[in-house]
Amino acid sequence: MQATNAALPLAGLKVVELGHYIAAPFATRLLADLGAEVIKVEPPEGDPVRGWGSQVEGHAVWFSVHGRNKLSVTLDLKSAEGKAKVRQLIARADALVENFRPGQLERYGLGPADLHAVNPRLVIARVSGYGQDGPYRDKPAFGAIGEAMGGLRHLTANPGQNELPPPRCGVSISDDLAGMYAAMALVAACWQVKGDPDARGRVIDVDLVGSVFSLMEGMLPEYGLFGWVRQPQGAAIKTAAPTNTYPCADGKWLCIAGNSDLIFRRLMAAIGRPEAASDPRFANNGLRCEHVGELDGMIADWTRTLPAAEAEAILEKAEVPCSRLYDMRDCAEDPHFRARELVMEVSDPLIGQVLHPAAPFRFDGVAPREMVRWTGPAAGAHNDHVFRELLAKG
């Protein structure tokens, strides 16, 4: 464990996490990457996510990232001693992040009123499936429900395909979105409280469904004004053309975004169809959207003749935005990922040498590696440090 880097923007911010699974722990991982002191309170058996995915000698590989830069303590929140220690942690904290079902902390005697009695300036970020009020407040939810009800899963289908369900995006997108929003709102509320010596703490309410729903761009006003319901578009975008993902000779896929007028002309020249650039049917983006089927056919006829990497190289030389669809091997071995330390090798005392993704933000004067101060610890690894040293200091 390394001391907090004072150059990180949230150095000195004290956060308690009463989180489990994904959303709240993701929020606090972002805060910890930014330099906040995060104390993760886990049940004696540890966060359930420690049992997810691949393991090395009983330690979840994912938790190396999920729990990084955090201090882990274990407490039984049902016990009087556990509740008393949480209140001690809260007394010295700036903020709390939690993602229990609504009402659970109140049943423990640790709801906002109880915690503000201990620390009136505490910022409390609450993440739940449906929010702290409303008719669905008490329904259980996981990330997949946020995708389904927030409108995203409807859009991931392929047009006209009804025999298979619309796929999830492959990661816990609704949990991660809610975590990002919770972290953003927490920093905003802490800024407000810090700037006003008389301010009381705020309670932040973030939910999975609303977080996904916030990404639906212009779909709500389109429905309200015109009654339009956007339907699945597959790999294309209804409002821009040509933008799609095209098959290549080696069975891989190439994503191409040629939708500005200038880029479109370069794209057509690169694929050997320069005459299409002067075709009046394709004169602007609106017209190209009307004839997108023909355009996509031209481009796919070209990509099918080449391996994806070769087609990509040709288009890159023509300055046409494009990329093969990367899998994790591609990401881990790509020279750009390595040069920017988006992928870094980290020593984890629990699982050995492991690859970590960099924090998704950069600050001048701070190397990406400096933001990974330590890897996800064992459950309760910092009990002595926190309860004997930090609490003694206040």
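This is a predicted model: local features need pLDDT of at least 70, side-chain atom pairs count only at pLDDT 80 or more; totals for chains, interfaces and linings use all residues.
Let's start with the strands. Six of them make an open sheet, and reading across it the order goes β5-β2-β1-β6-β7-β8, with parallel pairing. At the edges sit β5 (70-74) and β8 (203-207), each of which pairs on one side only.

Now look at the β5 end. There, β5 pairs with β2 (residues 37-42) in the parallel sense, over five bridges.

## A helix across the strands

Over at β8, there's a helix to look at too. Helix α8 (residues 173-195) lies across β6 (95-98), β7 (123-128) and β8. Its direction is about 165 degrees to that of β7.

## The largest pocket

The largest pocket holds about 560 Å³ of space. It's lined by 20 residues, and the closest to its centre are Leu-155, Thr-156, Gln-233, Gly-234 and Ala-236. Sort the lining by class and you get eleven nonpolar residues, five polar and four charged.

## Arg-288

Arg-288 sits in helix α13 (residues 285-290). Is this residue buried or exposed? Arg-288 counts as buried because its relative accessible area is 0%, and the cut-off for buried is under 20%.

So who's around it? Skipping neighbours within four places in sequence, Arg-288 is in contact with several residues, including Asn-259, Ser-260, Asp-261 and Phe-264. Ala-241, Pro-242, Arg-281, Phe-282, Ala-283 and Leu-295 are also in contact with Arg-288.

Definitions and conventions
Residues are numbered from 1 along each chain as its sequence is written. Side-chain values use heavy atoms; hydrogens and water are left out. Two strands pair if DSSP finds at least two bridges between them. Helices (H or I, at least four residues) and strands (E, at least two) are DSSP runs, numbered from the N terminus. Contact means heavy atoms within 4.5 Å. Axes are lines fitted to C-alpha atoms, for helices over the stretch in contact, and angles run from 0 to 180 degrees between N-to-C directions. On a 1 Å grid over the protein atoms alone, a cavity is a set of points where a 1.4 Å probe fits but cannot get out, and a pocket is an open set with protein on both sides within 12 Å along at least five of seven lines; lining residues have an atom within 4 Å of a point. Grid points are joined across faces, edges and corners, and a volume is the space filled by probe spheres set on the points. Ala, Val, Leu, Ile, Met, Phe, Trp, Tyr, Cys and Pro count as nonpolar, Asp, Glu, Lys and Arg as charged, and the others, Gly among them, as polar. Buried means under 20% relative accessible area, exposed over 50%, partly exposed in between (1.4 Å probe, protein chains only).
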